[in-house]
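My entries follow in the order I looked things up.

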Amino acid sequence: MTATNQTRTGQASPDIGPRPDPAETSALSISSVSHSYGNRRALIDVSFSVSPASFTALLGLNGAGKSTLFSLVTRLFGIQSGSISIFGHDIGAAPGEALRLLGVVFQPRTLDLDLSVRQNLLYHAALHGISRREASLRSDEVLTRIGLAERAGSKVRDLSGGQMRRLEIARALLHRPRLLLLDEATVGLDVQARADILDHVRQLVTEQGIGVLWATHLFDEITPSDDLVILHQGRVLAHGQVAQVIDDAGAREVNSAFMRLTGAAAESGSPPP
Amino acid sequence: MSSSDTHHNQAGFSVAEYVICLNGIVWREALRFLNQRERFVSALVRPLVWLFIFAAGFRQVLGISIIPPYETYILYEVYIAPGLIAMIQLFNGMQSSLSMVYDREMGNMRTLLVSPLPRGYLLFCKLLAGTAVSLLQVYAFLLIAWFWDIAPPPTGYLAVLPALILSGLMLGALGMLISSGIKQLENFAGVMNFVIFPMFFASSALYPLWRVQEGSPLLYYVCLFNPFTHAVELLRFALYGQMNWISLVVVSGCATVFMIGAIWAYDPSRGLIRRGPAGGEI
C-alpha cells in the first residue's frame, strides 16, 4: 500500500470541481520518488505530502530510507526518478526558490564547533543572503526564544547536546522558512531535552503555521492529531492522520499499527531494498 | 527574508544577496583560520625553514645565472622565494580541501550545500575564501623574507596580488576537485603526499628549468607541463613587475578546468555526494 492509493482521511473526496494541484497547495509534495545506491534500492515509489501548518511524523526503523529522503528533499542527492516540490517549486527545476522556503535539521550535528553560537547563526544567515544587521536582530531574537542569549559568545563545543539541537532548530528558522524538516532531531538527548524540543517544534506549527516533517523511529514522539507516514524498507506503508492509520491497521495504538503494517509487508514478500 | 530580496535578478537572487553570501563564507574561513593559530604558525614555519635552512645550505651548490625576470645575479634565496610563496598556496589549497572533507564527514558541509544560492557559486565563494586566507600567509611570509634581504621592488608587492589570486584559485580548485573524490578523511593524507610533493619538486620552484634540462630531459618536460611550474613563474615575474604570458594562460586555463571539474563533482546528481550518505545512514 502506498500513499497514492489511500486518501489522507481514508474517505473518498466529494466531486466539487477541479482539484488544486497538490504540489501547489502542499508545503511538501513527494511524488513517485525512487532512489538506489548501485543495486541497493533505498526508496521505492515514495509518494506523500505535508500540509502547511501541520506536524507530519515520518516513522521508520533505522535503514528505512528516511535520511535518503531528506537528502533528496534538501538536494544533497540528485533525484533519480519522481519529483519533489516545496510549495509548488520543483526541487530539481527551481532549487533556489524551493530551498528558500525550507529549514532543515539533519541527524548528524552540522554546527561549526569552533565558532561561537552567534557566529554560527550569522554564517547561516549569510548563506541565505540576509544582511548582517538583519541577521544580528534575528539572532538576538531566536537566542532569547531558545534561552541561549547568555551563551551567544560561547563556543558551540561548550554547549550540551540539547542546547546544540535547540540552536540547530533556531538556525534552521533564521531565514523564516515555511517548511521545516527534522531528521531524528532528538536522538541522543535525555527525556527532558527531547520533550522540550518536541514542544518547541509543535509550537512552531500552531503559532507560526510552519509545516513540519519530523523523522523519527520513536513511537512516543507521535500524538493522535499528527499526520503520519510510515516508511519501511524504502516503501510508504501508510499515510494519513494517526488515528486513521491506527484504525486502518486494525490496531489500538501507533506501535501496534506499525508492527502490523511492517509485519504484513514482510509476509507479503516486499523485496528488500 | 532580507530587505534586499525585493530586487531579485532573473535567477531569483539579488546582487546584494550574492555579495552577502560571499562575505559570510570568507568571514567564516578567516575566523576558522585565526582561531587555529597552530595552522597559521605552521603555514609560516614551513617556507621559512626552506628559506633559512635549505636555501642557505644550497646557496653555494646551486648557482643561478641571469635569467628573466632577474636583471643580475641573484642569491639562491631570492630565486626560491616565489616557489615558496606558491608552496604556501599549494599547502593552503590542500588544507582548505582537507577541511572540506572534514566538514563533509562531520556534517558541516550540508549547511553550505543546502543554501538556496547556486551551488557552483557557493563553491566558488569557498575557493575565494581559501585564496583570501592564503594571501594573509603569503604577505606575512614576504614581510619576514624582507628582513632576509629578499626585497622585490615595492611595486612588486602590489603587482603580485592578481597573480596570487589566480594561482590561489587554481591550487584551491585542484584541492577541491581532489576532495570531491575522497570519501574518508584518512585517505586524504595519502593523496596529499601524491599531489603536493610531486607537484612541488617537479617544478621550477627550487631550480630553474634549464638546470633540470641539463640533468634529465624527461624531468624537464614533466616540469614544463606541471601547472605548478607556471604558478611559480607567474608569481616570479609578477613580483618584479613583469608578465609571463604563457604562465598566465596556463594558470588561467587550469584554474578554469579545475573549477569546472570541482563544481561538476559536487553536483548532487554526480560526484561523491550521489554515492551514499555518511556513516551508513539510509
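This is a predicted model: local features need pLDDT of at least 70, side-chain atom pairs count only at pLDDT 80 or more; totals for chains, interfaces and linings use all residues.

Chain B has 282 residues, and 44% of them count as buried.

Entry 2, fold. I listed the secondary structure of chain B and found 11 helices and 0 strands. Written along the sequence, the pattern of chain B is α-α-α-α-α-α-α-α-α-α-α. I then looked up contacts in chain B between residues at least 6 apart in sequence, and 75% of these join residues at least 24 apart.

Which residues touch the most other members of the largest nonpolar core? I noted Ile230(A), Met170(B), Ala173(B) and Leu235(B), in a core of 156 residues. Helix H3 of chain B, residues 76–106, gives the largest share of this core, with 16 residues. In chain A, both domain 1 (25–101 + 177–273) and domain 2 (111–175) give residues to the core, so the core lies between them.

I picked Leu235(B) and left aside its neighbours within four places in sequence. Its contacts are then Pro82(B), Ile85(B), Ala86(B), Val160(B), Ala163(B), Leu164(B) and Ser167(B).

Entry 5, chain A against chain B. I found 36 residues of chain A in contact with 35 residues of chain B. On the chain A side, the elements that give two or more residues are helix H2 (66–73), helix H3 (95–100) and helix H4 (117–127). H4(A) gives the largest share of that side, 5 residues. I sorted the side of chain A that touches chain B by class: 13 residues are nonpolar, 15 polar and 8 charged.

How values were computed
Residues are numbered from 1 along each chain as its sequence is written. Chains are lettered from A and ligands numbered from 1 in the order in which they are written. Helices (H or I, at least four residues) and strands (E, at least two) are DSSP runs, numbered from the N terminus. A residue is buried if 20 or more other C-beta atoms lie within 10 Å of its own, exposed if 12 or fewer, and partly exposed in between; C-beta atoms are placed from the backbone. Two residues are in contact if their C-beta atoms, placed from the backbone, lie within 7 Å. A nonpolar core is a set of buried Ala, Val, Leu, Ile, Met, Phe, Trp, Tyr and Cys residues joined through C-beta atoms within 7 Å. Domain bounds come from an automatic or database domain assignment. Ala, Val, Leu, Ile, Met, Phe, Trp, Tyr, Cys and Pro count as nonpolar, Asp, Glu, Lys and Arg as charged, and the others, Gly among them, as polar.
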